[in-house]
Amino acid sequence: MKKNLLIVESPAKAKTIEKILGEEFEVKSCYGHIRDLEKNDMGIDIGNQFEPRYIVPEDKEKVVKELKSLAKKSGEVWLATDEDREGEAISWHLCEVLGLDPSTTKRIVFHEITKPAIRAAVESPRVLDMNLVNAQQARRILDRIVGFELSPVLWRKMSMRNNLSAGRVQSVAVRLIAEREREINAFNSVSTFKTEALFAAQDISNKPVTFKAEGSRFTTADDAVSFLQTCIGAKYTVKDIQVKPARKSPAAPFTTSTLQQEASRKLGYSVSRTMLLAQKLYENGDISYMRTDSVNLSETAINDISSKIKSQFGGTYLQVRKFKNKNESAQEAHEAIRPTAMERLNVDDADCRKLYELIWKRTMASQMADAELEKTIAKINISTNNEHLTAQGEVLKFEGFLKVYREDRDEEDINEEETTEGMLPPLEVNQELIFKEMKAIERFSRPAPRFTEASLVKKLEELGIGRPSTYAPTISTILKRGYVEKRDKEGTKRDYRIMLLKADNITRLKEQETTGAEKAKLFPTDLGLVVTDFLKQHFDDIMDYGFTASIEEEFDEVAQGKLTWNKMLKDFYTPFKQDVDNTIETAERIKGERELGTDPATGKPVVARMGRYGPMVQIGSTEDDEKPRFAKLKATQSIETISLEEAMDLFRLPRTIGTFEDMDVTVSIGKFGPYIAHDKKFYSLSKEFDPYTITLEQAVPIIIEKRKAKEERTIRVFEKEKIQVLRGPYGPYLKQGLRNYKLSKEQQERAADITLEEALKTIEEIKANPPQKKARKKKGS
């Protein structure tokens, strides 16, 4: 009897499922998408109802050939790609390529790769849902149209290399980051003075303890001092005590976006790393499907979690909950991300272990009892001015879900007033307290923080932009395109004032703090800012948050069968194409420049602008008799914020920093970055060295080390012709100028004996018949 052929996306998933199904099925992988839109003319026949033209990419031809061969030999072909729209589309493409009928071919879906789930799916197969296929197809076609139409506009209107691109979701994501950066740059920090006092009292063991009470805020230092003066000689009495019960409830189990956010906060993972590890856990059968916007848990899962809570912590810790999706159109009614078996406390794979434990704890906590707290608020009267201070304390009476898990929050969601409240000593009304000191401390208002990958995902989700499968690729794209950078920012020292009342004396103090330090934040590049401004000016719909979210809602309607996909595309394309044509015809070229002032030495204008190789400063104009002078901006500088003084400082290069071996050592920046020049040789500088501050003592070891490394890999040199025979990771090769030339295996074996004539002949032959480069495959456009 012939085996049935079951096709999935990944080899790991195939391996896990084949073990479950046994002899009845042969399980094979199609390695993701097997077809994509052809590159020529967008791959879309716009005049024919947006009919797509698909091709099998070269790197998938072998896979398709093997699947066709297996399909002919098999009893029946089953499709088991992922349960989302993308998975449905892959199944449809398989039907098209393998000659299967979508209306009869058996299609199975499952939330998890476990024996019961796979067996249940096999027992109740369905056919393809063409609404889901069309929703995915509409997304792919619309995104291709936007990319293919907008990118050439940028190429024509901007003097950059043709690697610029624009996309429907990526451009809006860059806009969010750009607007946040400008908010920060425009923000004016305001200082206020926060008062807080320290008191002494006895705890339940009659031991002296110190606790804090907070008072009013003042807008000026003089107001704060005036208040402290009114407190001199005061008595401090407990006027009122309130004890209130409080409860904290657990967060819902993970969706794709909340997993990405929490893995970033707790584990420091990037969005793409989180998804890579989650995919691995899913394919190994350890967790349920990882692309979901649902917080729902199945009855089977809830029973499994409940049993684990009762056995591990007892019945008092159990509180069964059913969470409701905030997003009414949660895609395809998935389940939340959860372990497939709560008995499995961790996994063998070291890379996946931390993420699995995070998912396990969050899932357990979601079905556990509230944490019970007791909050104490004491009002303390100041006898000399009848003002009052407030002391707060919190006692945890019952841990509940906190025994397992506490959710972290993003920087922007944490109020400055929120502090970890400790316990207060036992206090009574009318009790007189022992006063130790009171301070008025200067505090500064802060702008909204820059986005992390996780907080950007959260914002995109709040705005209804993108879906679980699109967050990670969107962030990867904007980073890869150079519109956004992920980097750290060093803080700067800032003075702040303290007015201290102690022993009836007021002292003015000054201390320092570090402000503005940030880690792994998203910064817009000058290129990102310039492109964002251009697109906002000429394509306001594409850059509008509400419009982008409404497109997502229309995809949902296509998936639900309420809207036909080609009508949706037509409604979008007609006004969009008019904007494209109008922009090409009428829009001015993008200058992306800012006047900074004049050069004190020459009186010529100084401009910061985008150049062919990135942001730079220019002194003079191309219309002057003398050529303009140029200097590249530092990585931490921006066209929008650089000052004239900082710009002029960039022209200190090239700078001679001393002599070594009786020859000058010069530092400069070239096309490929900063370098040291010595004895007509050039040595690149790594990022740890700043060309504006590097000293001779730092430069000389670099010269010696790089010279030694070059000598070790140099086999022969023909000085006059500037040809070198060098050792490389793949064997000896020729180098002339900046170009490398491959040697044959026979030549590599006798590299030390290669003659000048032979080297010249090899170079000429390679130039005449250059090796064919393999085309790089792209997942999308």
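Where is the place of Asn386? In this predicted model, Asn386 is found in the loop that runs between strand 12 (371-382) and strand 13 (388-398). Although Asn386 is not a glycine, its phi is positive, at about 60 degrees. The residue counts as exposed because its relative accessibility is 61%, and exposed means over 50%. A positive phi also occurs at Ala503, a residue other than glycine, with a value near 50 degrees. Ala503 belongs to the loop between strand 16 (492-502) and strand 17 (505-515). With a relative accessibility of 63%, Ala503 therefore counts as exposed.

The protein chain as a whole contains 20 helices and 30 strands. Along the principal axes, its C-alpha atoms fill a box of roughly 100 × 85 × 60 Å. Of the 781 residues in the protein chain, 46% are buried.

A further feature of the backbone concerns a proline. The peptide bond that leads from Leu653 to Pro654 is cis, and its omega is near -5 degrees. Pro654 is placed in the loop between helix 17 (644-649) and strand 23 (655-660).

Arg35 is situated in the loop between strand 2 (25-29) and strand 3 (36-37). Arg35 is buried but has no salt bridge. The nearest side chain of opposite charge is that of Glu96, which is 4.2 Å away; a salt bridge requires the charged atoms to be within 4 Å. The side chain of Arg35 does, however, form a polar contact of 3.0 Å with the side chain of His93. Ser165 is located in the loop between helix 5 (130-157) and helix 6 (168-186). Its relative accessibility is 8%, so Ser165 counts as buried, the term being used for values under 20%. The side chain of Ser165 is joined to that of Gln170 by a polar contact of 3.3 Å.

Key: Residues are numbered from 1 along each chain as its sequence is written. This is a predicted model: local features need pLDDT of at least 70, side-chain atom pairs count only at pLDDT 80 or more; totals for chains, interfaces and linings use all residues. Side-chain values use heavy atoms; hydrogens and water are left out. Helices (H or I, at least four residues) and strands (E, at least two) are DSSP runs, numbered from the N terminus. Buried means under 20% relative accessible area, exposed over 50%, partly exposed in between (1.4 Å probe, protein chains only). A polar contact is a pair of N or O atoms within 3.5 Å; within protein, one must be able to donate a hydrogen and the other to accept it, and residues adjacent in sequence count only if both atoms are side-chain atoms. Lys and Arg count as positive and Asp and Glu as negative; His and the chain ends are not counted.
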